[in-house]
Amino acid sequence: MACPHVDSLNISPPTPAHSVYREDCTQCFDSIDDNDGLNVCLQCFNGGCAGDRQHSALHSALRSHPLVLNIKRTRKAVTRDEPPQKITKLAISAEKEEDKYETALSVKCLECNTLVDTANPKVAPVVDGIMKSNTFSRKEEIKAWEQELTSCEHILLMQQDEPRRIASQDLGGCARCDLKENLWLCLQCGALGCGRAQFGGVGGHSHALAHSKESGHGVAVKLGSISAEGTADVYCYTCDDERIDENLATHLANWGINIAERQKTEKSLTEMQIEQNMKWDFTTTQDGQELKPMFGPGLTGLRNLGNSCYLASVLQCLFDLAPFQKRYFEANDDLPIVEDPAQDLETQMRKLADGLLSGRYSKPDPDAAAAPGEPSTEVHQRGLPPAMFKHLIGRGHPEFSTMRQQDAFELFQHLFKLITRAPHPSPAADPTRPFRFVLEQRLQCLSCKKVRYSTTEQENITIILPVEREPQKEGEEGPAPWKPVTLTQCLDDFTVDEVVELTCSSCGSKDGYKKRTLFKTFPEILAVNARRMAIINWVEVKVDVPVIIPDEPFTLDKYLSAGQQPDEELLPEEEAPAGAPAFVPNEAGLAQLEAMGFPRVRCEKALHATGNSDANAAMEWLFAHMEDPDIDTPLDLGASSSGGAGAGPSPEQIEMLTSMGFDVPKAKKALKETGGDMERAVEWLFSHPEDPGSFDEDEGAAAGTSSGSDEPAGSATLPAVYQLQSIVCHKGTSIHAGHYVAFIRKQLDKPSWVLFNDEKVVQAVDIDEMRKFGYAYFFKRVQN
């Protein structure tokens with residue numbers, strides 16, 4: 001019996017605007033490589049597993065989308081009867097999918113439980129469109145190897161010299177030396193010179209740069225990177241940055257070069273940077289032998305999508321912790337019913353938890369096994385591709401939406417903001433809550449001795465590492481190594497008394513205050529960022545100062561604040577003048593920034609934009625906004641609130657913010673606080689995740705029923721004993737480059753440290769050394 005749905009349903013091929021999920025399920029990591037394959041909906045192109053979990057059937061029933069394309073992929077057997085053909089021409093080409101896999105396709109109606117002919121004239125174009133379209137993850141992988149580049153005025157306004165044809169023999173080497181690779185063609189005059197020395201030992205004497213300085217010609221293209229598809233490395237020496245030339249084919253034709261005939265023969269700058277990042281060595285060998293890969297529940301790796309190791313390392317540490325496991329893995333309730341599972345944070349968090357913790361996907365990669373006759377090697381996992389999750393949490397963010405390497409700890413903070421803002425069954429179910437605690441700041445006037453206490457709720461601390469080198473040994477070349485510090489020394493520095501130069505609001509003395517910050521409560525899990533970037537001569541430099549951290553439990557009792565004492569007299573509260581804006585900058589943070597030489601106006605703006613609590617975050621904001629045209633305009637919060645009834649945020653502005661996932665009250669509050677500036681409103685929202693927003697009277701009534709728990713974060717109960725649970729480590733010259741991995745303490749047959757290096761999961765052998773150079777540490781509170 002023929003299926004009636006084929007004729008009755010309106011189906012059409014996907015357009016470039018559609019996301020086609022034809023590699024893995026949107027609700028779990030089952031994929032086209034599993035025995036039952038993957039079902040792709042012919043109406044909305046959602047991918048659902050066809051195996052025992054039946055996510056495809058669930059989607060079909062909920063959405064009334066019965067028609068699916070089942071895709072099942074199997075690896076082709078490789079037999080080599082003779083050695084591979086000798087390569088006679090240098091060319092970079094990727095092995096095509098059809099060369100590696102056999103793909104079986106079938107169309108089914110899940111409601112009728114029948115097969116549908118794939119040659120059906122209504123079905124065939126849809127099937128063809130699905131298979132030819134870029135998958136969701138492929139779009140992300142393509143971006144992963146390309147930086148988000150733009151053109152510049154030097155390219156757009158470039159006036160090329162008179163056209164001429166450059167003979168092919170004149171394109172074979174640098175005009176000033178014997179180099180035959182890494183050659184850059186000046187697009188303005190046609191001069192050819194070698195580039196700078198690059199990653200991977202690629203030579204260069206910077207003759208193209210020398211030509212640019214001598215002639216003033218700024219734009220050059222790397223010959224070996226030009227492909228027939230129109231891609232190439234274009235560099236503007238005037239801007240000193242990579243660029244895009246939308247008219248590259250025309251500019252090359254001026255010199256007689258037909259771009260359609262070019263073949264890429266060298267790796268691009270981005271590909272070489274990624275390759276260099278992947279080469280940072282985190283030992284997976286011992287005594288010359290490759291360590292045996294580990295498999296099982298909680299031992300699943302994450303595939304590197306290109307510059308995504310910062311994401312993988314943070315996720316491995318978080319999902320190892322009990323609050324995240326309880327919230328997203330041990331819950332017995334069904335997955336949420338949403339229209340697009342790939343765009344739902346709850347669904348994707350639970351998908352990740354299942355993938356990392358269940359052990360279902362922790363198995364050797366069948367494609368990595370050695371071919372017959374070849375020496376055997378240890379086979380690691382294929383790793384789970386977190387493409388959907390990465391796209392979801394990066395959407396709309398200026399950094400995490402790109403494929404560039406990012407700061408792992410900034411990712412941790414961004415992820416916590418998203419999770420905190422998301423709905424939870426109850427306030428106590430929020431997995432970020434066990435990370436929260438209260439810091440108490442005590443200010444005491446040096447003259448009248450009166451005090452003021454203030455508190456801030458936080459979910460992590462940043463420790464500043466003392467930067468001091470060991471004494472230079474006689475005959476030793478190069479800089480001396482950094483002097484090691486202990487965690488206790490860093491915490492002592494974090495809580496030490498310091499003097500801030502402020503005028504006393506009680507006695508008027510200008511002698512200043514003594515300031516000290518201590519813990520008012522302790523969290524269940526303490527996240528610590530070891531700030532390894534130091535500003536030296538106004539340049540951010542990474543410093544690998546060794547931090548000595550105990551492996552055994554230790555106490556933080558001495559860092560608990562005693563609170564206000566009976567004999568202490570409080571300073572009077574400072575009254576703001578009538579009509580003044582409500583924002584009052586953090587006194588200590590303001591003093592710290594001003595001491596660094598920043599003008600007061602800029603300091604206030606930075607503190608306001610970053611939540612008014614952390615001078616380090618404010619400093620980073622200042623460096624990122626140095627070129628803002630209004631950077632020296634005084635902060636004016638009163639203008640937006642005193643403009644009368646009609647001066648509120650426009651519906652269009654509110655709609656734009658709500659489309660980014662923020663609710664209406666928060667959008668209104670952000671626009672009011674920033675005078676209607678959309679860019680600053682988004683920054684304000686990310687800096688104030690716990691602010692309930694601005695409610696109208698009817699909204700306020702509704703909000704009162706959904707307020708969070710009023711219990712203070714953390715606990716003041718002693719003893720406060722902690723033990724190191726996991727570490728995010730980084731190797732490289734910058735936090736925004738290099739490579740990240742995670743070291744995690746696991747309770748296996750016996751307590752063991754495990755290294756998570758993207759998809760590779762092995763027992764750690766150098767944990768004592770790695771513990772010294774962590775970038776983020778997670779300490780778990782333990783019983784005494």
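# A guided tour of the predicted model

A search of the whole structure finds zero disulfides; a disulfide here is a pair of cysteine sulfur atoms within 2.5 Å. In general terms, a disulfide is a covalent bond between the sulfur atoms of two cysteines.

The structure is a predicted model, in which local features need pLDDT of at least 70 and side-chain atom pairs count only at pLDDT 80 or more, while totals for chains, interfaces and linings use all residues. Residues are numbered from 1 along each chain as its sequence is written, and side-chain values use heavy atoms, with hydrogens and water left out.

Select Cys-177 and Cys-174. Cys-177 is in no disulfide, and the nearest cysteine sulfur, belonging to Cys-174, is 3.6 Å away. Cys-177 has a relative accessible area of 18% and is therefore buried; buried means under 20% relative accessible area, exposed over 50% and partly exposed in between, with a 1.4 Å probe and protein chains only.

Next, select Cys-239 and Cys-236. Cys-239 also takes part in no disulfide, and its nearest cysteine sulfur, that of Cys-236, lies 3.6 Å away. Because its relative accessibility is 26%, Cys-239 counts as partly exposed.

**Second stop: the whole chain**

Now display the chain as a cartoon. Its secondary structure comes to 23 helices and 30 strands; helices (H or I, at least four residues) and strands (E, at least two) are DSSP runs, numbered from the N terminus. Of the 784 residues, 47% count as buried. Among contacts between residues at least 6 apart in sequence, 69% join residues at least 24 apart, where contact means heavy atoms within 4.5 Å.

Two packed helices are described by the angle between their axes and the distance between the axes. Select residues 309–319, which form α10, and residues 408–421, which form α14. How do the axes of α10 and α14 cross? They come within 9 Å and cross at roughly 55°; axes are lines fitted to C-alpha atoms, for helices over the stretch in contact, and angles run from 0 to 180 degrees between N-to-C directions. The angle therefore makes α10 oblique to α14: angles under 35 degrees count as roughly parallel, over 145 as roughly antiparallel, 65 to 115 as roughly perpendicular and the rest as oblique.

To see the contact, show the side chains. Residues of α10, including Tyr-310, Leu-311 and Leu-318, meet residues of α14, including Leu-411, Phe-412 and Phe-416. The residues of this contact divide into ten nonpolar, one polar and no charged; Ala, Val, Leu, Ile, Met, Phe, Trp, Tyr, Cys and Pro count as nonpolar, Asp, Glu, Lys and Arg as charged, and the others, Gly among them, as polar.

**Last stop: two single residues**

Select Ala-353, in helix α12 (residues 345–357). Its relative accessible area is 0%, so Ala-353 is buried. The C-alpha atoms of Ala-353 and Phe-329 are separated by 5.5 Å, although these residues are 24 apart along the chain.

Finally, select Ser-31, in the loop between α1 (5–8) and β1 (38–41). Ser-31 counts as buried because its relative accessibility is 14%. Neighbours within four places in sequence aside, Ser-31 is in contact with Glu-23, Asp-24, Gly-37 and Leu-38.
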